[in-house]
Amino acid sequence: MADDFIYELSSPGRVGVALPDSDVPETPIPADTLRPELPLPELSEVDVVRHYVRLSTKNYGVDTGFYPLGSCTMKYNPKINEQTARLPGFTNIHPLQDPVTVQGAMQLLYEMQDMLAEISGLDAVTLQPSAGAQGEFTGVLIMRKAQIARGQGHRDKILIPDSAHGTNPASTAMSGLHVVEIASDADGNVDIEQLKAHLDDTVVGLMITNPSTLGLFDQNIVEVCRLVHEAGGLVYGDGANLNAIMGIVRPGDLGIDVMHFNLHKTFSTPHGGGGPGSGPVGVVAELAPFLPAPVVGLSAEGEYEWVWPAQSIGRVRSFHGNFGVIVRAYTYIRMHGAVGLRRVSEDAVLNANYMQARLLELGDYPVPHGDRYCMHEFVAQGKIAGAEGIHTLDIAKRLIDFDYHPPTIYFPLIVPEALMIEPTETESKETLDGFIAALTQIADEARSDPELLHTAPHHAPTRRLDEVRAARQPILAKTSA
Amino acid sequence: MSLNYPNDVRYAKTDEWARYDGELVVVGVSDYAQDALSDVVFVELPALGDVVAAGDEVVTVESVKAAAEVVTPVSGEVVAVNAALEDTPELINTDPYGEAWFFKVKPSDLSELDALLDAAAYEAYNAEREDH
Amino acid sequence: MRFTPNTEVDRRAMMKTIGIQDIDELFHDIPAEHRYPDLQLPPPLTEMEVAREMQEMAGDNAQLGVFASFLGAGAYHHFVPAVVDMVISRSEFYTAYTPYQPEISQGTLQAIFEYQSMVAALTGMEIANASQYDGATAVAEAAIMALNVLRMKRNKIVVSPSVNPMYRQVLRTYAQGMDLQIVGDDRQENDFHALLDLCDDNTAVVIVQNPDFWGQLHSGAEMQDLAEAVHAHGALLTVATDPIALALFHAPGEYGADIVTAEGQSLGNSLNFGGPYLGMFAFRAKLVRKSSGRLVGQTIDLDGKQGFVLTLSTREQHIRRAKATSNICSNQSLNALAAGVYMAALGKQGMRKVAELCWHKAHYAADRLQALEGYELLSDRPFFKEFVLRCPRPVAEINQYLLEEYGIIGGYDLSTDYDTLDNAMLLCVTEMNTREEIDDLVDALATFHQYINTEEVVS
């Protein structure tokens, strides 16, 4: 049954929260400034609670079940993170308070900058960017400004492998730079010959995701970085896939100059149904003066203070970043330490390789790079032999009937019918086996009863939705029933 | 279902068609293009009076999952646009060579039409693309 | 390890299936000389230990509620009803990803659709998106959207000096590679007339704030005149606003704004030391194809039943890549959920009441403060919950005194951003400030004044 729309629940005169009367003498409000109408709903508190609780039951989260959504790192979100982030000493502080009154919060930010620098092998970190995409934008602006400072302001191109997330080219375009796409070679690495062909004195830098969106570690990464540096370029490392390599290798040691972190992926902060995230950016020493302002410093007297980097690209948002998200990620890192983080990455990679091996054994779902060990994720294809009319979308929708969240589908774009699977380290072998069993059954169904897949899901809160209708005549707001 | 390749238009490798009516060149997208896009949900047309050069991206066509830029195969001035597409973009799926024309250009260089493919050559070109 | 359930037995069984003896074999693509760095991180803590340590760190902060505060300037101390935290603590909401699979995401999708609907209602606009990162980036996105609407044929942006300085800084950060002219905010005195004088046929957008950064309220009629004049230049008008003020005063949609942005934190989100917040973003329907950010739309399923999906995504980076309207690929979904719950729970009457309390208390505070010798209000314009008080001494000095002697967190020092506004304090008073707190502030400043007088007499 469809849930009532919030305005349908409204009844004139109801109010969900009572507020005290004014304790000061009232000042008349000029009538000509008042709006004639305020079309908001009117509900009691119990109406509000029931409405949203019912809606929540139509959602699938990591706490509901297995969520192997490739490139999104849907790991379990420890509950202690929620408690620490809700400490009143963190939630009830204003971002513009005098630093002497918020030393605890600034200490946390300072230590977080340090820990991320250590994990990545970079020299300085800003916590300001709101999300991964904004971190990328920040990183590209930093590279651009650094090239200008080097007297290389004529450089205007960013090289991006064809397997990259769409945010890479979008962030580049927003920075006023041009995108040049580089093909991947047969092994899924950056094609070195192609790279060389494009490396000239118009290149600001290269953006590389390593491990790549194919789930593969680029075997030539050191050579790639060397070539780019030789040509006067900088290397941006998209940190989307950091979960595979914590304590295994540091991007900075490989030659990466700037990278962003996705605290909402790697460091277990919840995705919130699409946000908030947090996308800190780390850089090598040469780029530190260009970081967004302010960063947290420690004075000689031992006080934490706001510091404006000398040639900062500026602010990328209000205040100091998504502090509430950073508290959660800080809690997570402190609970793990170096040993724990390495174990996280090892198990993330082990789990992914186990699933890849099981799928290869099964044989129904091609794995284009199955001849290599994958990192924390791998890309299979929804091309089941003997079931030609079945597409990845059908398989994904059928998985919903087995109470799983489907993997990422149709990404990366360079793999047709892609099914991108990322189990994460927080899942047990039994869970992985259960998912493989479901895929096995679905492959059989695809051959014996394809209609069952075409019309899936059958046991979800709604059936397949008409996206064409939504886009042709958009209904994006309603204020009546 | 097989795709249509009418003989009264010429085709660009980027999937536009052009029809010269003795005065103006009418431009649309091919059956192959609409099939690849699937259900079209939105079209953004050029403005009347725009002066365009062959190869310029002048129209955007969107389906739910994809967006395609349509280039004009000929240079000249845009003298008519098919406003009906703004409300009923699905015409592109149902009648790509007829009701779903995009715009009309007063051509400045008719020889540009010679660079386009005839129906047989375009069909062969598509068959080759499908093999890859 | 607590969050990695594989036992040694599991690990061995999995390695056997993969065909390896040691996990190390999985990492052979990584250059051996860089493998397994010795990370210098603090030792791991148990839940009990980390909780204790974090509590200490949190305790080192002077929190609002314990300390009276008159700080606003873009982040506001408003009441957050219990129902908000209860809803956003449902882990079906907070542990979900972006609703890419609508069949199992109707909770998020409907909640966001309702948020969009209520924001559209509040701003008086036809469409609101699922939110931007915050109030500052919403302004930058509005500017880029205006450029796109005008097909990049104009490259001048006129912005008022009374737009929040952080919003203007972020706008300039975003624009640094775009070859734009951003003018209008170089002189603190520039009023609407001065801004209009800067408009020409190359101007894409005029950006103002109402109530403005200094708290001043511009009437609907005044705003309408501005909108008409901006439109006469073929440019768009963007208005940054405060959602609480909109519960009482004329909505931007009524007076002709094309794009409306706001910091949405005031709607049910704690201060959180600056984030996460949400950028409210609303606009006229005809601009939707050039808008940035996520949109939820209503549709039907195979059985004809009503449902919701993410829609018009061809504008976005995962399809358009370098040609996208923005690189944004998320929204502040959980914050928007909180804002939605807040608007639904307070509703028409509750929202008005909050706004009225802010008005009365701010005016009570302003009346009392300007009666003090040596203090004056900088403007005689109408204001909402913030106002500028000219002080006898630098604001930093007064604030230090307020904190040390009275435990009061004073207002914002406007000399940080404006050369011409020395000794000017931006004070914010909301429903959270009691009469007693306001009276204490007045007493404190009166005493400070006497103290200064004494000092002057002595010297």
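How far apart do the C-alpha centres of domain 1 of chain C and domain 2 of chain C lie?

A: This is a predicted model. In it, the C-alpha centres of domain 1 and domain 2 of chain C lie 30 Å apart. The domain assignment gives domain 1 of chain C two segments, 68–76 and 348–458. Domain 2 of chain C covers 82–342.

Now look at where these two domains meet. The contact takes 26 residues from domain 1 of chain C and 32 residues from domain 2 of chain C. Together the two domains bury about 2200 Å². Carbon and sulfur atoms give 62% of that area.

Next come the polar links. Nine residue pairs are in polar contact between domain 1 and domain 2 of chain C. The rule also finds two salt bridges across this interface. Side chains of opposite charge can pair when their charged atoms come close. C:Glu222 and C:Arg381 form a salt bridge, with their closest N and O atoms 2.7 Å apart.

Which elements supply the domain 1 side? Helix α11 (333–370) and strand β12 (386–390) of chain C each supply at least two residues of the side that touches domain 2 of chain C. α11(C) gives the most to that side, with six residues. By class, the residues of this side of domain 1 of chain C divide into 17 nonpolar, three polar and six charged.

Stay in chain C and find its sheet. Seven strands form an open sheet, and the pairing is mixed. Their order is β2-β8-β7-β6-β5-β3-β4. Strands β2 (127–128) and β4 (181–183) of chain C stand at the edges. Each has a single partner strand, so one side of each is left without a neighbour in the sheet. Inside that order, take β3 (residues 156–159) and β5 (residues 203–209) of chain C. These two strands pair in the parallel sense over four bridges. C:Ile157 stands opposite C:Val205 in β5(C).

One more pair belongs to chain C. C:Asp24 and C:Arg35 meet through their side chains in a salt bridge (3.7 Å, N to O). Both residues lie in the loop between α1 (8–18) and α2 (47–59) of chain C, so the pair ties together parts that are 11 residues apart in sequence.

Chain C also meets chain A. Here 202 residues of chain A are in contact with 180 residues of chain C. The two chains bury about 16800 Å² between them, with 64% of it on carbon and sulfur atoms. The rule finds 12 salt bridges across this interface. One of the salt bridges joins the side chains of C:Glu53 and A:Arg334 (2.5 Å, N to O). Helix α11 (residues 323–362) of chain A gives the largest share of the side of chain A that touches chain C, 27 residues. That side of chain A has 103 nonpolar, 55 polar and 44 charged residues. Between chain A and chain C, 88 residue pairs are in polar contact.

Finally, step back to the whole structure. A search over all chains finds 57 salt bridges.

Definitions and conventions:
Residues numbered from 1 in each chain as written. Chains lettered and ligands numbered in written order. Predicted model: local features only at pLDDT ≥ 70, side-chain atom pairs only at ≥ 80, totals over all residues. Heavy atoms only, no water. Contact = heavy atoms within 4.5 Å. Buried area = accessible area lost by both parts, 1.4 Å probe. Salt bridge = Lys/Arg side-chain N within 4 Å of Asp/Glu carboxyl O. Polar contact = N/O pair within 3.5 Å; in protein donor to acceptor, adjacent residues only side chain to side chain. Nonpolar A, V, L, I, M, F, W, Y, C, P; charged D, E, K, R; others polar. Pairing = 2+ DSSP bridges. Domains from an automatic or database assignment.
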